[in-house]
Amino acid sequence: MNSIFRKFRTLIGLEFNLQILLTAELIAEAYYGILAKHVPDPVIKSMCQKVLRDEVKHIAFHEEFFRLNQRRWLPISSTIWSLQFQAVFMCVERAVWLDHGKCLMGFGISKHDFRAKAQGVCRRFLNRVIMLPSLSTSAQAHAKM
Ligand SMILES: [Fe+2]
(Lines give C-alpha, C1' and ligand atoms only; values in the text may rest on other atoms or scores of the structure.)
Protein backbone atom coordinates (compact mmCIF):
# COMPACT_ATOMS: atom_id res chain seq x y z
CA MET A 1 0.00 0.00 0.00
CA ASN A 2 2.84 2.44 0.86
CA SER A 3 4.59 1.97 -2.50
CA ILE A 4 1.33 2.68 -4.33
CA PHE A 5 0.94 5.94 -2.33
CA ARG A 6 4.51 6.99 -3.13
CA LYS A 7 4.20 6.36 -6.88
CA PHE A 8 0.76 7.98 -7.13
CA ARG A 9 1.58 11.16 -5.24
CA THR A 10 4.64 12.03 -7.37
CA LEU A 11 2.67 11.92 -10.61
CA ILE A 12 1.34 15.49 -10.50
CA GLY A 13 3.43 18.14 -8.73
CA LEU A 14 3.89 19.31 -5.14
CA GLU A 15 0.31 20.19 -4.27
CA PHE A 16 -1.04 16.84 -5.38
CA ASN A 17 1.86 15.16 -3.63
CA LEU A 18 0.80 16.90 -0.40
CA GLN A 19 -2.82 16.00 -1.03
CA ILE A 20 -1.97 12.30 -1.25
CA LEU A 21 0.11 12.56 1.92
CA LEU A 22 -2.80 14.31 3.60
CA THR A 23 -5.24 11.66 2.38
CA ALA A 24 -3.08 9.01 4.03
CA GLU A 25 -3.07 11.07 7.26
CA LEU A 26 -6.87 11.44 7.20
CA ILE A 27 -7.35 7.73 6.56
CA ALA A 28 -4.91 7.01 9.40
CA GLU A 29 -6.95 9.26 11.71
CA ALA A 30 -10.06 7.26 10.85
CA TYR A 31 -8.29 3.88 10.99
CA TYR A 32 -6.52 4.33 14.31
CA GLY A 33 -9.43 6.25 15.77
CA ILE A 34 -11.93 3.49 15.12
CA LEU A 35 -9.42 0.79 16.02
CA ALA A 36 -8.68 2.49 19.37
CA LYS A 37 -12.38 2.37 20.20
CA HIS A 38 -12.80 -1.33 19.35
CA VAL A 39 -9.55 -3.04 20.29
CA PRO A 40 -9.75 -4.66 23.76
CA ASP A 41 -6.00 -4.81 24.47
CA PRO A 42 -4.96 -1.75 26.54
CA VAL A 43 -1.43 -1.63 25.09
CA ILE A 44 -2.66 -1.69 21.48
CA LYS A 45 -5.39 0.80 22.36
CA SER A 46 -2.77 3.12 23.85
CA MET A 47 -0.55 2.79 20.74
CA CYS A 48 -3.50 3.57 18.48
CA GLN A 49 -4.25 6.68 20.55
CA LYS A 50 -0.60 7.77 20.30
CA VAL A 51 -0.60 7.35 16.51
CA LEU A 52 -3.90 9.23 16.41
CA ARG A 53 -2.44 12.18 18.36
CA ASP A 54 0.50 12.29 15.92
CA GLU A 55 -1.78 12.20 12.89
CA VAL A 56 -3.88 15.06 14.21
CA LYS A 57 -0.73 17.22 14.35
CA HIS A 58 0.28 16.22 10.83
CA ILE A 59 -3.20 17.02 9.56
CA ALA A 60 -3.05 20.46 11.21
CA PHE A 61 0.07 21.20 9.15
CA HIS A 62 -1.66 20.23 5.91
CA GLU A 63 -4.77 22.11 6.93
CA GLU A 64 -2.82 25.37 7.18
CA PHE A 65 -1.22 24.84 3.77
CA PHE A 66 -4.48 24.07 2.00
CA ARG A 67 -6.43 26.82 3.80
CA LEU A 68 -3.90 29.42 2.67
CA ASN A 69 -4.10 28.07 -0.89
CA GLN A 70 -7.88 28.17 -0.87
CA ARG A 71 -7.95 31.83 0.17
CA ARG A 72 -6.40 32.77 -3.18
CA TRP A 73 -8.89 30.79 -5.25
CA LEU A 74 -12.27 31.60 -6.70
CA PRO A 75 -15.16 29.67 -5.15
CA ILE A 76 -15.52 27.61 -8.35
CA SER A 77 -11.88 26.54 -8.13
CA SER A 78 -12.36 25.55 -4.49
CA THR A 79 -15.45 23.56 -5.45
CA ILE A 80 -13.62 21.70 -8.23
CA TRP A 81 -10.67 21.03 -5.93
CA SER A 82 -13.02 19.73 -3.24
CA LEU A 83 -14.71 17.36 -5.72
CA GLN A 84 -11.44 15.85 -6.92
CA PHE A 85 -10.22 15.67 -3.30
CA GLN A 86 -13.30 13.69 -2.30
CA ALA A 87 -12.99 11.39 -5.36
CA VAL A 88 -9.36 10.57 -4.51
CA PHE A 89 -10.28 10.15 -0.84
CA MET A 90 -13.10 7.72 -1.65
CA CYS A 91 -10.76 5.63 -3.86
CA VAL A 92 -8.12 5.47 -1.12
CA GLU A 93 -10.71 4.68 1.57
CA ARG A 94 -11.98 1.75 -0.51
CA ALA A 95 -8.44 0.52 -1.24
CA VAL A 96 -7.60 0.63 2.47
CA TRP A 97 -10.72 -1.37 3.27
CA LEU A 98 -9.75 -3.99 0.66
CA ASP A 99 -6.28 -4.20 2.18
CA HIS A 100 -7.18 -3.97 5.90
CA GLY A 101 -10.88 -4.84 6.09
CA LYS A 102 -10.29 -8.35 7.40
CA CYS A 103 -8.18 -7.00 10.24
CA LEU A 104 -10.80 -4.40 11.18
CA MET A 105 -13.63 -6.94 10.94
CA GLY A 106 -11.70 -9.05 13.44
CA PHE A 107 -12.37 -6.29 15.98
CA GLY A 108 -16.05 -6.03 15.06
CA ILE A 109 -15.64 -3.04 12.76
CA SER A 110 -17.85 -3.25 9.68
CA LYS A 111 -17.19 -1.75 6.27
CA HIS A 112 -20.01 0.69 6.96
CA ASP A 113 -18.45 1.71 10.31
CA PHE A 114 -15.07 2.33 8.69
CA ARG A 115 -16.56 4.22 5.75
CA ALA A 116 -18.68 6.42 8.04
CA LYS A 117 -15.67 7.19 10.23
CA ALA A 118 -13.39 7.95 7.24
CA GLN A 119 -15.94 10.11 5.50
CA GLY A 120 -16.62 12.00 8.73
CA VAL A 121 -12.90 12.74 9.07
CA CYS A 122 -12.81 13.91 5.43
CA ARG A 123 -15.92 16.08 5.82
CA ARG A 124 -14.59 17.79 8.95
CA PHE A 125 -11.28 18.50 7.21
CA LEU A 126 -13.00 20.05 4.19
CA ASN A 127 -15.26 22.12 6.45
CA ARG A 128 -12.18 23.58 8.13
CA VAL A 129 -10.33 24.27 4.87
CA ILE A 130 -12.89 25.28 2.27
CA MET A 131 -14.23 28.70 3.12
CA LEU A 132 -16.74 29.66 0.49
CA PRO A 133 -17.79 33.26 1.07
CA SER A 134 -21.20 33.54 2.62
CA LEU A 135 -23.54 36.40 1.94
CA SER A 136 -22.94 37.83 5.40
CA THR A 137 -19.16 37.78 4.85
CA SER A 138 -19.59 39.58 1.54
CA ALA A 139 -21.90 42.10 3.14
CA GLN A 140 -19.39 42.73 5.93
CA ALA A 141 -16.57 43.19 3.41
CA HIS A 142 -18.62 45.73 1.46
CA ALA A 143 -19.58 47.54 4.65
CA LYS A 144 -15.87 48.06 5.46
CA MET A 145 -15.14 49.61 2.03
FE1 LIG B 1 1.21 11.12 9.74
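1. H2 and H3 are roughly antiparallel to each other, because their crossing angle is over 145 degrees. The model is a predicted one. The two axes cross at roughly 150° and come within 8 Å. The crossing of H2 with H3 is left-handed.

2. The H2 and H3 contact can be read from both sides. H2 contributes Leu18, Leu22, Glu25, Leu26, Ala28, Glu29, Tyr32, Gly33, Leu35 and Ala36. H3 contributes Lys45, Cys48, Gln49, Val51, Leu52, Glu55, Val56, His58, Ile59, His62 and Phe65. Sorted by class, this contact holds 13 nonpolar, 4 polar and 4 charged residues.

3. Now the overall layout. The protein chain has 6 helices and 0 strands. Its pattern along the sequence is α-α-α-α-α-α. Of the 145 residues in the protein chain, 22% are buried. Take the contacts between residues at least 6 apart in sequence: 69% of them join residues at least 24 apart.

4. Next, the core. The largest nonpolar core contains 23 residues. Leu26, Ile27, Ala30 and Tyr31 have the most contacts inside this core. Helix H2 (13-38), helix H3 (42-71), helix H4 (75-105) and helix H5 (111-129) each give two or more residues to the core. Which helix gives the most? H2 does, with 8 residues.

5. Ala30 deserves a look of its own. Setting aside neighbours within four places in sequence, Ala30 contacts Phe114, Lys117, Ala118 and Val121. Ala30 is also among the residues with the most contacts inside the largest nonpolar core.

6. H2 also meets H4. Their axes come within 10 Å and cross at roughly 50°. H2 and H4 are therefore oblique to each other. The crossing of this pair is right-handed.

7. The residues of the H2 and H4 contact are as follows. From H2 come Gln19, Thr23, Leu26, Ile27 and Tyr31. From H4 come Phe85, Val88, Phe89, Val92, Glu93 and Val96.

8. Ile20 lies in helix H2. Is Ile20 buried or exposed? Ile20 is buried, because 21 other C-beta atoms lie within 10 Å and the cut-off is 20 or more. Ile20 and Val88 are 68 residues apart along the chain, yet their C-alpha atoms are separated by 8.3 Å.

9. Ala24 is also placed in helix H2. It has 19 other C-beta atoms within 10 Å, so Ala24 counts as partly exposed; buried would need 20 or more. From C-alpha to C-alpha, Ala24 and Phe89 are 8.8 Å apart in space. In sequence, Ala24 and Phe89 are 65 residues apart.

10. Now H4 and H5. Their axes cross at roughly 150° and come within 10 Å. That angle is over 145 degrees, so H4 is roughly antiparallel to H5. The crossing of H4 and H5 is right-handed.

11. Which residues make the contact of H4 and H5? On H4, they are Ser82, Gln86, Phe89, Glu93, Trp97, Gly101 and Leu104. On H5, they are Lys111, Phe114, Arg115, Ala118, Cys122 and Leu126. By class, the contact has 7 nonpolar, 3 polar and 3 charged residues. Phe114 and Ala118 of H5 also contact Ala30.

12. Last, a residue of H3. Leu68 is found in helix H3. Leu68 counts as exposed because it has 10 C-beta neighbours inside 10 Å, and the limit for exposed is 12 or fewer. The C-alpha atoms of Leu68 and Val129 are separated by 8.5 Å. Along the chain, Leu68 and Val129 are 61 residues apart.

Definitions and conventions
Residues numbered from 1 in each chain as written. Predicted model: local features only at pLDDT ≥ 70, side-chain atom pairs only at ≥ 80, totals over all residues. Core = buried A, V, L, I, M, F, W, Y, C linked by C-beta atoms within 7 Å. Helix = DSSP H or I, 4+ residues; strand = E, 2+ residues; numbered from the N terminus. Contact = placed C-beta atoms within 7 Å. Axes fitted to C-alpha atoms, helices over the stretch in contact; angles between N-to-C directions. Parallel < 35°, antiparallel > 145°, perpendicular 65-115°, else oblique. Left-handed = near helix turned anticlockwise from the far one by under 90°. Nonpolar A, V, L, I, M, F, W, Y, C, P; charged D, E, K, R; others polar.
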